[in-house]
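Dear colleague,

Here is the structure I promised to pass on. My notes follow below.

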Amino acid sequence: MKIIKKLIVVTILASVVSCNQANKADLSDTLLASAELESKSDSRVTGSARFEQQGDKVVLLLSIYGASPGLHGVHIHENGDCSAHDGSSSGGHWNPTDDQHGAWGADHYHYGDIGNIKVDSSGNGDIAFKTNKWNLDKDDKFNVINKSIIVHSGEDDLTSQPSGNAGYKVACGVVKLSKR
Ligand SMILES: [Cu+2]
Ligand SMILES: [Zn+2]
């Protein structure tokens with residue numbers, strides 16, 4: 001009986017150890033960042049963003065809650081600072097290529113011009129975004145760490161300068177490296 005118990009314990013320990021090793025191996029080349037979006041300008045909008053480096057691409061998943069139904073402009077802004085009541089401390093659109101505001105992938109756009117997020121009748125919205133123009137791991141001007149992600153009160157028209165006439169800022173979160 002004792003021998004059987006020992007065998008069971010040894011087997012369980014061995015499987016726990018091997019699981020841990022497998023997880024470590026998976027994480028070694030996964031770089032993650034996140035942003036918790038807080039309400040701004042007396043809104044009730046909150047949200048969370050997750051950034052993952054996948055090879056030479058960054059994948060962004062953003063979910064927001066408590067927003068009015070319809071389209072809301074979403075951008076990466078240049079400063080990782082959400083302290084102002086109206087979010088103005090986040091600065092302008094992140095624009096490392098010194099270009100004009102526009103639709104992502106058009107002739108002219110900012111690297112922070114994610115576009116619009118669609119919010120349903122319950123006030124929830126999700127957006128998934130993937131690009132090889134950003135990174136989480138390089139010491140260059142295209143690294144998105146320490147920038148901020150902003151949700152606006154209105155729709156980004158993808159045309160007006162300098163920021164798409166998307167209204168005021170209703171949520172803001174600083175992009176922080178979370179795991180290597
Ligand atoms: Cu913005
Ligand atoms: Zn822009």
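Strand 2 and strand 3 form a hairpin, with 2 residues between them. Gly55 sits in the turn and has a positive phi of about 65 degrees. Strands here are DSSP runs of E, at least two residues long, numbered from the N terminus.

This is a predicted model: local features need pLDDT of at least 70, side-chain atom pairs count only at pLDDT 80 or more, and totals for chains, interfaces and linings use all residues. Residues are numbered from 1 along each chain as its sequence is written, with chains lettered from A and ligands numbered from 1 in the order in which they are written.

Strand 2 covers residues 46-54 and runs antiparallel to strand 3, with 9 bridges joining them. Strands pair if DSSP finds at least two bridges between them. Ser48 has Ser63 as its bridge partner in strand 3. Strand 3 is also joined to strand 6 (residues 125-131), antiparallel, by 7 bridges. There, Ile64 is bridged to Gly125.

Side chains alternate along strand 3 (residues 57-65). Val58, Leu60, Leu62 and Ile64 point to one face and are buried (20 or more other C-beta atoms within 10 Å of their own, C-beta atoms being placed from the backbone).

Ala35 lies in strand 1 (residues 31-39). Ala35 is buried because 26 other C-beta atoms lie within 10 Å.

On confidence: pLDDT is the predictor's confidence in each residue, from 0 to 100. The protein chain averages 89, and 83% of the residues score at least 70.

Best wishes

Key. Helix = DSSP H or I, 4+ residues; strand = E, 2+ residues; numbered from the N terminus. Buried ≥ 20, exposed ≤ 12 C-beta atoms within 10 Å, placed from the backbone.
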